[in-house]
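Reader: I am new to this structure and would like to understand the words used to describe it. Could you take me through them?

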Amino acid sequence: MTVTDNPTGGIIGQARLRKEDPALLTGEAKFMDDLVLPGALWVNCVRSPHAHATIDNIDTTAALAVEGVTAVYTGADLAEDWAGPLPCAWPVTDDMKSPDYWPVAQGKVCHVGDIVAVVVADSRYVAADGAEGVVVDYSLLPAVISIEDAESDQVVIHEGLGTNVSYEWPLIPDPEGVEAAFANATHHVTETYVHQRLIPAPMEPRGVAAVPAPHNGDMILYSSTQIPHILKVMAALTVGIPEHKMRVIAPAVGGGFGCKLGVYPEEILCLALAVRHGVPVRWTEGRTEAATATIQGRAQRQTIELAADENGKLLAVRATLLADMGAYFQLITPGVPLLGAFLFHGLYDVPLYSFTCKSVFTNLTPTDAYRGAGRPEATYAIERAMDVLALAVGVEPDEIRSLNFIPTEKFPYDSPAGLVFDSGDYQPALDRAKELINWEERRAEQAERQAAGSKMHLGLGISTYVEMCGLAPSRVLASLNYGAGGWESATVRILPTCKIQVVTGATPHGQGHETAWSMIVADRLGVDPDDVEVLHSDTAISPLGLDTYGSRSLSVGGTAIWMATERVVEKASLIAAHMLEANADDLELTNGVFNVKGTPGAEVPLAEVAFAAFTAHDLPEGLEPNLQAEVTWDPPNFTFPFGAHIALVEIDEETGEVEIIDYAAVDDCGNQVNPMIVEGQVHGGIVQGIGQALWEEAIYDEDGQCRSTNLGDYLVPSAAETIDMKLDYTVTPSPTNPLGVKGIGEAGTIASTPAVMNAVVDALRHLGVTEMAMPASPMRVRRSIENAQGGAV
């Protein structure tokens, strides 16, 4: 595939302020709670306070007596409203065990936050008052909290399944070869790491409003979602509303990070109740409610083994996962651990590979996609283990990586896991990151502090990564039993006055689509990006699309826009050639003007061509009026961004406090459309990954109660914790798409967590600390030092 030069028309590659930001920052944009819906009823969900219990009785008398309460429904009351249980779109194996997940629990609750009743009232606050009056009698059952207890099947959560194990998924292309490699290896490293549960916590919690039109059966569903197109299909199937009667609109969405990539009970409930009552029905999530009502991320134990020769050259990698699904499957829960299945060997040239994953149900909130979705977990395992291998071999962590990088001349690279990496040149990124962090000088300073007996310890941590982005090729997704394709759709139309409309199936929630898509189109047409309007997030305006997740927007959705623009240019060239009495092959479009090559003055502005296409008075024979093209693009492969991050931390031995004092990141996302957007994505991703390393953890007690349900207990990084970062980039275009782009939205999150944790261990290794669980809180760091030194600190 021919990759377009970058930049082309002088716009792609420029750093431009995001055109959507003024509305978002000044209150002009409409988020869910800004919607005015006269006559709407409000929903409050009565949720289980227990992790595992049978529902013996539900008394709604007091709730119904509250003035303004319209109705109270239980699971039994609504059982006939569902065409089926909540959808899971990724049955990863043919024999995967999947429990029915109903919007309102029927007879039993399986996690704290499970909905047991729904109060409908004329205001949000009356609905909350009514919920206080619902009395539920429970009989408690033993709660399965740890994945180890779940695997043992001592208590089976879903009796009908007969086990807590949902599936086992192996990826072992050459089992005998792997065994032989480990048997003959000089170095055999085995490490086990645990990824704690994370609470996504976007700025805007979830919200839903269903607006019916009882006279004709139409239904509009407003939702703070990442996936309006997928939600439309799944909601129609679950509630039984004909799809052509459904319209889904995602208004301004205040962040998602994967947690709004789902079909939730509250969306389905509002639809069903709007049908019942014939008026709008809405619900807004509370922050504390979100801690257990919205999915959680990560939650897996991983054991990774490296086989290497005497020099540290990798011979084989073997990864074994035990993944926590929570109480039920959300939309893609079972597939999330497998998104990393192909990447536990990292960006290293490894001949042999083995991966297996076992998933289990627990009595905790369901897990699902969270920024990076499987890729951060895989990178964490291989990057932490590579530091251990370097120690075993007796070399520096940068040396062990350089020794094992996939050579540039091997691209496109057939990975041992079965993927084809599109392009890569890994060493320059690591070299530049070392330069930015002053690697040699910092190593010398670290040694000086240790020799002087300082209690303030420096540590350097490297993380090099490659990720699988552009969740795309439909045939590949079919081979993984995924329930949808990976294409994306776009329409580009030039209006009679030469203003441009772009319709995209990609749905933004902070990525800057309106700016980037405008730049792509304006670059090719030679117009001002402000003359390009991008329409999105409404299935009536953009009926075709597969939405936004997996760093797919630019490489799939952006490419569809580029290709649609090319088709418009091709048609416009025919009209321009007719107007100039020239051959279309002799024309070029530059700065919004069609010129005949080599003939000065033989030109016609695009604006004249657009108006001529509209009037249709004198078009070439057989050519339809107007300038518009629609493209659906299904890429032939994923894209594979990469990079190198290095963290420098300082740890106070007396308090255990970890401070990041320097951070360098060199990323390669191929050609960049807008470097300012890239920088913003990297900034946010890095801080989010650091959050997992140092602060964030959903803590559960032995009864399955989440003890970190608000932002006083769950430590989300704030502006005070945000660090200065030294950023740079290399550019290795992808041959997979004509723009040569890859993806950047998840890179910072993938790379920063292992970089920081490697730095923490590096700082404390001379004190005898060889491992540190996440998050590396002051208490955990302090206890690790004490344990390493026998308590004599």
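**Reading the terms from the values**

Author: Gladly. This is a predicted model. Let us start with a pair of helices: H7 passes H8 in a right-handed crossing.

Reader: Which residues make the contact of H7 with H8?

Author: From H7 come Leu 231, Ala 235, Thr 238 and Val 239, and from H8 come Glu 267, Ile 268, Leu 271 and Ala 272. By class, these are 6 nonpolar, 1 polar and 1 charged.

Reader: Why are H11 and H12 called roughly antiparallel?

Author: The axes of H11 and helix H12 (residues 426–437) cross at roughly 165° and come within 10 Å. Angles over 145 degrees count as roughly antiparallel, and therefore the name applies to H11 and H12. H11 passes H12 in a left-handed crossing. The contact is made by Asp 398, Arg 401 and Ser 402 of H11 with Gln 427, Leu 430 and Lys 434 of H12. Here the classes are 1 nonpolar, 2 polar and 3 charged residues.

Reader: How do you know that the span of helix H10 agrees with its number of residues?

Author: Helix H10 covers residues 375–393, which is 19 residues. The expected span is 1.5 Å times one less than the number of residues, which for H10 gives 27 Å. The end C-alpha atoms of H10 are 27 Å apart, so the two values agree.

Reader: And why is H10 described as largely enclosed by the rest of the structure?

Author: Count its buried residues. Buried means under 20% relative accessible area, and 16 of the 19 residues of H10 are buried, so H10 is largely enclosed. After H10 comes Gly 394, with a positive phi near 90°.

Reader: Why does Asp 530 count as exposed?

Author: Asp 530 has 55% relative accessibility. Exposed means over 50%, so Asp 530 counts as exposed. Asp 530 lies in the loop between helix H15 (513–525) and E21. The C-alpha atoms of Asp 530 and Lys 499 are separated by 9.2 Å, and the two residues are 31 apart along the chain.

Reader: What makes Ser 573 buried?

Author: Ser 573 has a relative accessible area of 12%. Under 20% means buried, so Ser 573 is buried. This residue is found in helix H16. Not counting residues up to four places away in sequence, Ser 573 touches Ala 584, Leu 587 and Phe 594.

Reader: Why pick out the phi values of Ala 201 and Ser 537?

Author: Most residues other than glycine have a negative phi. Ala 201 has a positive phi near 55°, and Ser 537 has a positive phi of about 70°. Ala 201 lies in the loop between strand E8 (187–198) and strand E9 (207–213), while Ser 537 lies in the loop between strand E21 (532–535) and helix H16 (553–580). The relative accessible area of Ala 201 is 22%, so Ala 201 is partly exposed. For Ser 537 the value is 3%, so Ser 537 is buried.

Reader: Which peptide bonds are cis, and where do their prolines lie?

Author: Most peptide bonds are trans. Among those that are cis is the bond from Phe 411 to Pro 412, with omega near -5°. Pro 412 lies in the loop between helix H11 (397–404) and strand E16 (413–414). The bond from Met 774 to Pro 775 is also cis, with omega near -10°. Pro 775 lies in the loop between helix H19 (747–764) and helix H20 (778–788).

Methods: Residues numbered from 1 in each chain as written. Predicted model: local features only at pLDDT ≥ 70, side-chain atom pairs only at ≥ 80, totals over all residues. Heavy atoms only, no water. Helix = DSSP H or I, 4+ residues; strand = E, 2+ residues; numbered from the N terminus. Buried < 20%, exposed > 50% of the residue type's maximum accessible area, 1.4 Å probe, protein only. Left-handed = near helix turned anticlockwise from the far one by under 90°. Contact = heavy atoms within 4.5 Å. Nonpolar A, V, L, I, M, F, W, Y, C, P; charged D, E, K, R; others polar. Axes fitted to C-alpha atoms, helices over the stretch in contact; angles between N-to-C directions. Parallel < 35°, antiparallel > 145°, perpendicular 65-115°, else oblique.
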